[in-house]
Amino acid sequence: MPDAPTHGIHDTAPAARWEDAYLGGNGRHGVLVHGRTEDEHLVITHHHLVRPDPASGAEPPLLAPVLAEVQDALLAGRQAEAVAAFGGDREPRYVQSFHPGFAVRVRRPAAEADGYRRTLDLRTGVAAAEWHEADGWWRCETFVSRADDVVVHLLTAPSGGAVEAEVCLDTRLPGAPEELRAAVRSVYRPAEIPAPGADAPRDTALLRLRVRYPDSELGYRGATRLLAPGGTVRCDGPRVHVSGARQLLLLTRTARGPVAEPDGRLGRLDTGLYTLSEDYELLLQRHLDLHIEAYDRVALDLHAPAADRELPVAELLARQEADPSTLQPALLESLFAAGRYHLLASSGERPPRLCGLWTGDWGSAWGGAFTTNANLNLQLAGAAATGLPEASLALAALVRDQLPDWRTNARRLYGTRGAVAPAHTDGTNGLQYHFNHSWAHHLWTAGADWLLHPLLEHAETTGDTAFLTGELLPTLLETAAFYEDFLTRTGPDGRIAVVPSYSPENHPVDPATGEATPAAASVNATMDIAAARHALTTAADLADRHRAAPAARTAGWRALAARLPDYLVNEDGALAEWAWPGHRDGYDHRHVSHLYPVWPLGEIAPDTTPELAAAARTALLLRGDENHSGHGHLHRALAAARLDDAGLLTCQLAHLLVRGFFFRSLMSSHYPDRDVFNADVAHALPGVLTEMLLRSRPARPGRPAHLTVLPALPAALPSGRLTGARTRFGAVVEELAWSPGQVTLTLRADRACTVELRIAPLHKEGGELLELTAGRLRTVTVEFCRTVDRPAVDFAN
């Protein structure tokens with residue numbers, strides 16, 4: 001058996017730019033660690049740090065009174081007229097921009113260093129650097145505590161050496177507004193903390209940062225408690241000088257709020273640091289108790305050569321980019337592990353932003369917001385299956401906090417009950433802001449169902465009935481109520497017409513001109529049809545099961561869903577993006593929103609709807625790459641996995657691996673060639689790799705639960721082992737091991753169920769029925785010869 005994969009990455013030089021810095025986080029605080037020996041920059045971030053906009057929180061315009069005439073215009077083919085009447089001529093307004101807080105800078109005297117190595121231990125969350133100077137080996141370590149919500153940094157001198165350093169808090173980060181008002185001062189201890197005896201050495205100090213945003217009563221504070229055991233400290237205005245210390249321990253926090261609030265969270269920020277332990281090892285252990293348990297739940301071993309696993313990240317990336325024809329197992333192992341680590345680190349107070357939890361620049365692309373029409377769900381693609389409920393519950397917190405605003409959107413835009421989610425949010429509210437004829441996100445009604453689907457997967461994989469009935473189901477019922485009120489128009493065939501409709505972020509093609517229509521308003525976008533059908537039927541099924549709504553009402557939801565239009569297969573044999581005769585497809589686009597019924601819904605699948613699955617595959621083959629946005633390749637890879645197409649998945653995976661999407665931190669970019677820091681690819685890749693190995697469906701009325709093994713395994717990965725993955729019928733995959741002649745699967749069920757087990761390379765459809773008993777392990781070994789159609793299956797208890 002090959003050695004186990006490593007759970008860390010390393011480099012032989014400090015980060016030359018902030019995008020290459022190693023990342024830490026606990027879902028609230030984040031840190032970017034450059035690993036510099038003479039002027040270290042620890043850039044501190046927090047999910048709450050968004051630049052205020054006085055217009056934030058303004059309700060959307062009251063458009064419901066003109067909805068009927070807008071629907072008439074769209075049904076008659078007058079798109080431009082319709083979108084202009086429904087807010088499309090409004091100036092688009094953007095969300096508040098996420099920004100970094102400040103850098104904790106540790107300056108040391110210049111010295112010649114060699115033997116440099118920086119590491120990020122994914123299993124512990126500790127970013128470290130080691131280097132040799134004339135007096136011996138130096139080491140620094142940084143982590144963000146999941147237990148104590150603090151950024152911890154330790155600099156250790158060699159035996160017999162001493163720390164001589166200057167520490168300051170610096171807000172002068174790239175793109176910071178010139179009008180930003182910041183004040184830093186150092187004190188030996190806050191007035192609220194009693195001083196020790198007069199003879200006590202001054203080996204501790206506090207740095208206080210106060211920042212006010214331009215033209216605002218809001219601001220943020222930062223505080224760093226400094227401990228220098230064995231040495232002395234001297235406060236000098238905005239700096240602290242450290243001399244003769246064995247170690248330097250820094251504890252840092254930040255918070256945002258009204259700057260004039262004396263007794264609020266900002267006022268208590270610095271004194272709260274004095275309630276923390278001064279023992280680094282104790283702080284670390286408290287963090288490890290939480291972080292390691294989460295990280296260790298799932299692991300992927302692709303049997304990479306041991307020598308490859310020892311290579312620095314930069315060399316792994318360079319080797320893969322130099323040889324696009326062969327997938328590098330060591331790189332994929334690292335990307336799987338790092339992707340889960342970064343997703344865990346950025347999920348807590350909120351789910352991950354477009355940039356996760358990190359930025360070193362005030363000019364974050366797209367405001368560093370949450371883009372909900374594709375990106376957020378893609379980042380969470382593997383959250384449930386790879387055992388990270390922390391990420392799913394962070395999304396649940398966002399939905400819970402913003403649900404009142406979703407109701408406002410539904411009422412003001414459509415005159416309905418229920419909920420309509422926005423396409424963008426900065427995390428402070430869920431109101432619809434984006435009004436524009438070309439980027440018509442205010443016409444997108446699928447958002448609530450789309451955002452609730454990862455929460456449904458969380459409930460299914462964990463079996464958390466309290467979450468399902470107490471939080472998810474009530475929101476699903478509200479989503480169904482929206483469709484009850486909204487789906488009132490019909491097309492020429494007598495079926496429901498979803499109008500207005502919008503397929504993010506594409507335009508239909510005008511059949512008369514062959515050009516994309518100027519206005520994006522449409523009828524019957526496939527994503528909108530899928531969302532409406534899924535919301536209505538899922539709400540009905542769950543409400544019946546848990547007696548959450550009258551039977552007559554759930555029957556009405558099913559009847560309404562049955563009147564929705566069928567999906568359309570166009571003249572090219574592809575699943576059409578709009579099921580409406582006046583709209584033709586434009587293929588060269590980064591989004592594939594019309595594949596929502598393929599991924600994640602699983603409504604279209606090779607074993608249940610083979611003709612539609614073939615049309616969906618054709619749609620994937622025809623789709624152009626446009627600008628090679630990472631999320632487009634991810635979405636197509638996930639859909640390819642659901643369609644059992646290893647070749648298509650491998651092609652999309654290769655784009656992500658060879659076109660320069662990864663920084664030396666293994667965080668990713670939005671575009672090729674490491675252009676625009678963006679977490680989509682990094683966070684979603686574990687989901688892609690899991691989907692190529694496993695696909696599960698929960699039991700439904702009249703059919704058992706289902707598990708497909710190796711649905712889209714690339715030929716370049718002939719053997720491997722996945723442990724700990726979760727299924728949507730409540731079983732844990734204790735082990736999936738595969739090799740050219742054998743597959744071994746061990747399941748542990750949390751609840752008894754019947755599962756149809758399908759080995760994709762061998763069963764074109766159907767499979768073997770497997771009875772799982774709650775609490776018991778069940779092992780299935782399949783040995784086969786590739787020339788034999790039917791495998792020999794051993795069901796071992």
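The following paragraphs treat a strand residue, a helix and the cavities in turn.

The model is predicted: local features need pLDDT of at least 70, side-chain atom pairs count only at pLDDT 80 or more, and totals for chains, interfaces and linings use all residues. Residues are numbered from 1 along each chain as its sequence is written, and side-chain values use heavy atoms, with hydrogens and water left out.

Glu141 belongs to strand S8 (residues 136-144); strands are DSSP runs of E of at least two residues, and helices are runs of H or I of at least four, numbered from the N terminus. The relative accessible area of Glu141 is 15%, so Glu141 is buried (under 20%, with a 1.4 Å probe and protein chains only).

Helix H12 covers residues 526-546, and its end C-alpha atoms lie 30 Å apart, which agrees with the 30 Å that its 21 residues should span at 1.5 Å a residue; the expected span is 1.5 Å times one less than the number of residues. Because 16 of its 21 residues are buried, H12 is largely enclosed by the rest of the structure. Arg547, which follows H12, has a positive phi near 50 degrees.

A search of the whole structure finds 7 cavities of 30 Å³ or more. A cavity is a set of points on a 1 Å grid over the protein atoms alone where a 1.4 Å probe fits but cannot get out, and lining residues have an atom within 4 Å of a point. The volume is the space filled by probe spheres set on the points.

| Largest cavity | Value |
|---|---|
| Space | about 210 Å³ |
| Lining | 17 residues |

Notes
Buried means under 20% relative accessible area, exposed over 50%, partly exposed in between (1.4 Å probe, protein chains only). On a 1 Å grid over the protein atoms alone, a cavity is a set of points where a 1.4 Å probe fits but cannot get out, and a pocket is an open set with protein on both sides within 12 Å along at least five of seven lines; lining residues have an atom within 4 Å of a point.
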